[in-house]
Structures are given as C-alpha cells and as structure tokens.
Amino acid sequence: MENLQGNWALITGASSGFGEEFARQYAAQGRPLVLVARRIEKLETLATELRETYRVDVIVEQVDLSNLAAVIQLHQRLRERGIAIDILINNAGHGLQGTFVDGTLDAALAMLQLDVVSLTAVTHVFAQDMRTRRRGKILLVASMLAYLGVEKFAAYAAAKAYVLRLGEALHRELKRDGITVTVLCPGMSDTGFATAAQQKITPALKLLMMQPAPVVRAGIRALQARRISVVPGWANKATVMFTRATPRWLHQAVFSRVMGAANDRGDAYTASIKVRR
Ligand SMILES: NC(=O)c1ccc[n+]([C@@H]2O[C@H](COP(=O)([O-])OP(=O)(O)OC[C@H]3O[C@@H](n4cnc5c(N)ncnc54)[C@H](OP(=O)(O)O)[C@@H]3O)[C@@H](O)[C@H]2O)c1
C-alpha cells in the first residue's frame, strides 16, 4: 500500500457537502488532511471523527476564502509548518439564483469573489509550490452549468464556465511541471447547496439529483486517472451530450424548465447567497 504520510490533501469548503465527503474519502485512504472553511465547529467535529476512525493527521483552518489576504496567510501558515500540499481540492463555492437585474450587485460580486477570484488565488499559490516540487494534483469543482447559460443562473453559470475553462487550460499548461489539473462538473446533488441558494427543486431536478459520495468518487478517480474533466452520473453525462448536439436556443429553453427558471417569470427571486456564521 502507498505510504501517504506527509502527502497532504487540502480541501476547501470541507465543513459540508462535497468538501466533507472529499475529507471522508481521502481519510479512508489514509491521507493527512487540511480542512478549510468558516464554520470551525463543523470542521473540528469532522476532524475528531476522521482522526479516531482512520488514524490520520487532520489540521483545521478557519478561513473566509473571500478575503484574499486570508488566503495568502493560510498558505504562509502551512509553509511555516512545513506542510506541503500534494492534492488541492478547490471546492468552496456558493450558488446564486434569481433574475440578474433584480438581484443585488453585492450578492453577484460576493459570489464571483468566492467562486472565481478566491478559487484562482488558491490555485495560484499552491500550484507554484507544486511546480517547485514537480508534483501535485489539483481538482477544481465547477458545475454542469459550466456548459450552458441558464436564465436566473446567469452569473453563477458564467462563473462555473470560467472554472471549467481555467482548469482545461491549466491541465495542459501544468502537465509539463508534473501537476495534474482536473475539473469536476457535478449536476444537482443532495448537499446543503440548494437550500443555501434558496433554489427551487423541480421534479426534473429531483430525478437528476445525486448523492455526494458517488460525485466525489468520480472526481477522485478522474484526478487519479489524470483526466481533464469529468461529469459524474449517466443522466448528467447525457444532458451535457444533449447540449453539444442541439442548438443553444433549444437546450437553453429545455434547461430553463428543468431548473425551474421558466415557470416563474415575473416572480423575481431575491438573489441569495449563503451567510452561515
Ligand atoms: N450541490 C450541488 O448541486 C452542486 C452542483 C454543482 C456544483 N456544485 C459546487 O460544489 C461546490 C461545493 O458545494 P456543495 O454542494 O458541497 O455545497 P455546500 O454543502 O453548501 O458546501 C459549500 C462549502 O463551501 C464553504 N464556503 C462557503 N463560503 C465560504 C467562504 N467564504 N470561505 C470558506 N469556505 C466557504 C462552506 O463552508 P462554511 O459555510 O463553513 O464556510 C461549505 O463547506 C461549490 O463550488 C458548488 O458551486 C454544487
């Protein structure tokens, strides 16, 4: 069995959903972990459970990743402790639903700050270290919405398209430095995400809904296999193929219905972002 001691995995957004599941699956492999999020009690509880169950080292870091100075300080603290990150799971993010103009500009910019700016900063600082060591793996969590613009998810879908394009380009760019970059594009999944973004769950979305465990397993496998990107689940894969095989006006119209956006014209959602403290 591979000796994973010292081969740290850093997981952002580890206090719930996919991030928590990444922590469980990597701990089960015997890998030491750095868990990052804002809700420290959740991180502490998870860390205690993983240390007891899998006998792995777990460090918790309470960081608001929206604050770029805090990202740099996190990187610095880990460096000073001699913790080299072998696997970076860049997962923290939140959704934003509602008509673009009715939502507040602050809410849109806060989402972009976390899902785009902070993800870019975290990738940049840790990829530099990996390049020096000429080894490392980076997984970026995008979304199936990266493949198409959907009304009432305009800024969020655009943010995830950025994540997908960034990862695709970096996959090739960093390959020659011994670093693998993979993008995970989940569809609707049963995490705290939809509730946090006050997203309506339509019957079609219920059908597509996946549990976090198989999504995370697909992400870990794809990263291990050095794939550029992965869409977990056969229904999600079929949906992405549909977007490639049909004109934009058609798959946009279908997806608006699936996402529940087309049903409530005039009923402007309040754009919502998660504030959990
Ligand atoms: N679930 C889905 O249907 C779905 C589909 C496609 C893509 N995704 C993507 O999957 C990723 C994870 O989402 P999830 O579904 O697991 O949702 P989730 O359960 O709400 O988890 C989001 C995580 O991000 C962390 N986070 C949020 N704001 C943060 C901040 N400012 N600083 C540090 N951490 C922060 C949260 O921790 P704290 O609140 O403790 O900070 C939490 O651990 C996101 O990038 C999301 O866009 C989700």
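Colleague: What should I know before we start?

Modeller: This is a predicted model, where local features need pLDDT of at least 70, side-chain atom pairs count only at pLDDT 80 or more, and totals for chains, interfaces and linings use all residues. Residues are numbered from 1 along each chain as its sequence is written, and side-chain values use heavy atoms, with hydrogens and water left out.

Colleague: What does the secondary structure of the protein come to?

Modeller: There are 10 helices and 7 strands. Those are DSSP runs, numbered from the N terminus: helices are H or I with at least four residues, strands are E with at least two.

Colleague: Why is Glu-49 called partly exposed?

Modeller: Buried means under 20% relative accessible area, exposed means over 50%, and partly exposed is in between (1.4 Å probe, protein chains only). Glu-49 has 34%, so it counts as partly exposed. Arg-24, at 24%, gets that label too.

Colleague: Why is Asp-129 called buried?

Modeller: Its relative accessible area is 15%, and the cut-off for buried is the one I just gave, so the label holds. Asp-129 pairs with Arg-79 in a salt bridge at 3.4 Å, N to O. Asp-129 belongs to helix H4 (residues 105-133) and Arg-79 to helix H3 (residues 68-80), so this pair ties together parts that are 50 residues apart in sequence.

Colleague: How do you know that H2 has the span a helix should have?

Modeller: The expected span is 1.5 Å times one less than the number of residues. For the 15 residues of H2 that gives 21 Å, and the end C-alpha atoms are 21 Å apart, so the two agree.

Colleague: What puts the buried residues of H2 on the same side?

Modeller: The residues in question are Leu-43, Leu-46, Ala-47 and Leu-50. They cover an arc of only 105 degrees around the axis, which puts them on the same side of H2; the arc is taken from the directions from the helix axis to the C-beta atoms. The face turned away from that buried side carries the exposed residues Glu-41, Thr-45 and Glu-52. Cover for the buried ones includes H1, strand S2 (33-37) and strand S3 (58-62).

Colleague: Which residues touch the most other members of the largest nonpolar core?

Modeller: Leu-10, Val-34, Ile-85 and Leu-145 do, in a core of 61 residues. H4 gives the most to this core, with 12 residues. A nonpolar core is a set of buried Ala, Val, Leu, Ile, Met, Phe, Trp, Tyr and Cys residues joined through side-chain atoms within 4.5 Å. Beyond its neighbours within four places in sequence, Ile-85 is in contact (heavy atoms within 4.5 Å) with residues including Trp-8, Phe-126 and Arg-133. Another core, lying apart, has 30 residues, among them Ala-9 and Phe-22.

Methods
A salt bridge is a side-chain nitrogen of Lys or Arg within 4 Å of a carboxyl oxygen of Asp or Glu.
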